[in-house]
Structures are given as structure tokens and as C-alpha cells.
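Please look through the sequence and the model shown below, and keep both in view while reading the report. The sections that follow take up a few parts of the chain and then the chain as a whole.

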Amino acid sequence: MPAPVIAARGLVKSYRSKGRPDFVAVDGLSFEVAPGESFGLLGPNGAGKSTTMKMVGAVSARTGGELSILGLDPDRYGPEIRSRLGVVPQQDTLDGELNVRENLYIYGRYFGLPAKVCKQKAEELLAFAQLEDKASSKVDQLSGGMKRRLTIARGLINDPRILLLDEPTTGLDPQARHVLWDRLFRLKEQGTTLVLTTHYMDEAEQLCDRLAVVDKGRIMAEGTPASLIREHSSREVLEVRFGSAHNKDAAERMKGIGDRVDELPDRVLVYAQDGEAALEQVAARDLHPITSLVRRSSLEDVFLRLTGRSLIE
Ligand SMILES: Nc1ncnc2c1ncn2[C@@H]1O[C@H](COP(=O)(O)OP(=O)(O)OP(=O)(O)O)[C@@H](O)[C@H]1O
Ligand SMILES: [Mg+2]
């Protein structure tokens, strides 16, 4: 095993609030990221993902625990670490007054790169982000997906070994997300270490070699997407809907089918090795769902199983 590029042990961040006890946003996270790996933090709103990313990005000091980025302690080596990372924050921080090319150029200069290097890098990154024909447009005139691509391109201006991406595709349409995923795949192929947060399980499945499922500042489980599903869910899931007035009753009568029956407000889930067989058993109990669907288990199911809640509320 090569030395990890990121190592967190018992990482804690608490926020002071007047008159109330400190609020613990990150509550003892431990994880390591190997060079070239793509690691994800998957969790719902408020889980502490952005707070963790800010500590890893050396822009927010930890309250406790140990943290090492590229072998350096961010408390002591903030500027060194920041100059070697690429950062895509949750909220775009592009300069809307400047055009696309200028945003890249100025950011490079901010890192102290020579003007000539910045010019050349900016052209390369325009191509990478497929924004060549928008190079002279003001950022305010870009679509959400284009802005996100530009932010990622900007994060690459200093050739970082690690790229931190806080919810890279939240709020984008499916096509824009796929374009972004494709760009991130390329980076991964070139050996860039990716650390990303998301509350989209499909994004986590697509991009991450390994994931930590986080909730309320804690890691609930960790592993590859496939191993998490194997450990914490069944092979298949049967989803049946009886209408909102009848789901509860039906779930009660379905007890014992498959590995587990979960009742959600709008449907009943049956976790099973064989979803079709489970459906036959439902029919055998004289239950007749309005709709039924058998699908593979997903990370959403893992999350539901671990926390009792849905990832996207
Ligand atoms: N500067 C701050 N001061 C006080 N509390 C904060 C601050 N920043 C974050 N928090 C709190 O810490 C918790 C974790 O927030 P964080 O932004 O890390 O969550 P997240 O997982 O990124 O959520 P989201 O998916 O909504 O982006 C939340 O309860 C939030 O209100
Ligand atoms: Mg966040």
C-alpha cells in the first residue's frame, strides 16, 4: 500500500454558538485516501460533508483529531497544501464580471503562476471543459452545467494531485451531469486523486472506488459501492405500491417475505435475493399492488438501512 495522500483520524469540527453548547458538525471521522483513488463522502443534507471538505482543503481549522494532507498538517502548512490542491466548492465562486478565459487566467495568477503558463493552461482547460466557444462570454451568461465545468477547470489550473469536489453536479440536469462525469473520469484515468461529496447514489456508484456513508457527522459504513450493497442490503428490492391509504396495512400483511420489509410513505420495499419470487409470495397472500417493480439493490437502500432515512428528503 502506498502512503495515503489524505489521512484523517478522529477528525472533529464543532461550531461555537452563543448561549448553547457547541454544535458538533463532524464527530470523529477517520478515513484514508490512497494516491489515484476516488473517494466519496455520501450523506444527506447537514451530514458534515462540506465541513469535512473545508478541513481537508485547509480553509477551516479542525477542532480535534489528526489530519494529514500530502503528508502535511493543515494547521501548520495551510498555504503549501492549498497550492497543491484543486478545489471545487459547493457554491460556485466564479467572477461573474469576468469572461470565462479570464476566470481561468486570473485564478492561475492568484496561485503565482507565470503569465505565459496561465495563458497556455487556460487554453488547455477551455478545451478540457468544452468551453472553447464560450471563452469570451461573461460567466453570468453560462448555464449551470457550464459554470460547474468552468469551476472544475479552474480547480485544475495548478495541476493538483488531489481534486476536492463538493457536490459537483447538484442541481444539474441529467445530460449536464453525464458530461461532468465524463470529465471527472478522464482526470481519474490520468491519476488525479478525487475526493467528492454527493447525496446522489448514482454519482457515488459512477465515480467512487470507495465511499464513506456519513450521517450526523459520523461514518456509518465504508467500502466499495458493491461491498456496501452486499453487506448492508439484499441482492434485489421489490417495490410495491398499494395507494397511500393502504401501504401500512399491506406492509403488515407482507411480514416475513424476503429478508426484510420496509414501509415508506408512498410504497413498500421488500429486500430479497429474488424479487420476482417475493412478488409471487405477495400475490399468494391475496395482496394486489397497483404497481410493482423489481430492481437491483442500490446505495440508497444501504443508506435507508443504516439510518432509517432516505438520502434525499
Ligand atoms: N459556519 C457554521 N456555523 C455553524 N454551524 C455550521 C456552520 N457550517 C455548517 N454548520 C452546521 O454543520 C452541519 C453540517 O453542515 P455541512 O455544510 O457540513 O453539511 P453537508 O453535509 O455539506 O450538507 P449539504 O448536503 O446540505 O451540503 C449543519 O448542521 C450545519 O448547519
Ligand atoms: Mg455541503
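## Helix H11

Helix H11 is mostly covered, since seven of its nine residues are buried; a residue counts as buried if 20 or more other C-beta atoms lie within 10 Å of its own, as exposed if 12 or fewer do, and as partly exposed in between, with the C-beta atoms placed from the backbone. The buried residues of H11 are Leu299, Glu300, Asp301, Val302, Phe303, Leu304 and Arg305. Just after H11 comes Gly308, which takes a positive phi of about 75°. Helices (H or I, at least four residues) and strands (E, at least two) are DSSP runs, numbered from the N terminus.

## Confidence and numbering

This is a predicted model, in which local features need pLDDT of at least 70 and side-chain atom pairs count only at pLDDT 80 or more, while totals for chains, interfaces and linings use all residues. Residues are numbered from 1 along each chain as its sequence is written, and chains are lettered from A and ligands numbered from 1 in the order in which they are written.

The predictor's confidence in each residue is its pLDDT, on a scale from 0 to 100. Its mean over the protein chain is 93, and 99% of the residues reach 70 or more. Within the chain, confidence is lowest in helix H11 (residues 299–307), at a mean of 87, and highest in strand E4 (residues 64–69), at 98.

## Helix H6

Helix H6 (residues 174–189) has 16 residues and reaches 22 Å from its first C-alpha to its last, close to the 22 Å expected at 1.5 Å a residue, where the expected span is 1.5 Å times one less than the number of residues. Which residues of H6 are buried? They are Arg177, Leu180, Leu184 and Leu187. These residues lie on the same side of H6 because they cover an arc of only 75° around the axis, the arc being that of the directions from the helix axis to the C-beta atoms.

On the other side of H6, Pro174, Gln175, Asp182, Arg186 and Glu189 are exposed. The buried residues of H6 pack against helix H5 (144–155), strand E6 (162–166), strand E7 (193–198) and helix H7 (201–207). H6 is followed by Gly191, whose phi is positive, near 95°.

## Nonpolar cores

In soluble globular proteins, nonpolar side chains tend to be buried together. A nonpolar core is a set of buried Ala, Val, Leu, Ile, Met, Phe, Trp, Tyr and Cys residues joined through C-beta atoms within 7 Å. The largest one here has 63 residues, and Leu125, Leu164 and Leu299 are among those with the most contacts inside it. Apart from it lies another core, of 17 residues, among them Leu238, Val240, Phe242 and Val282.

## Asp209

Asp209 is found in the loop between H7 and strand E8 (210–215), and it is partly exposed, with 15 other C-beta atoms within 10 Å. Not counting residues up to four places away in sequence, Asp209 touches Glu37, Ser38, Phe39 and Thr224; two residues are in contact if their C-beta atoms, placed from the backbone, lie within 7 Å.

## The whole chain

The protein chain has 11 helices and 13 strands, and 42% of its 313 residues count as buried. Its C-alpha atoms fill a box of roughly 75 × 45 × 45 Å, taken along the principal axes.
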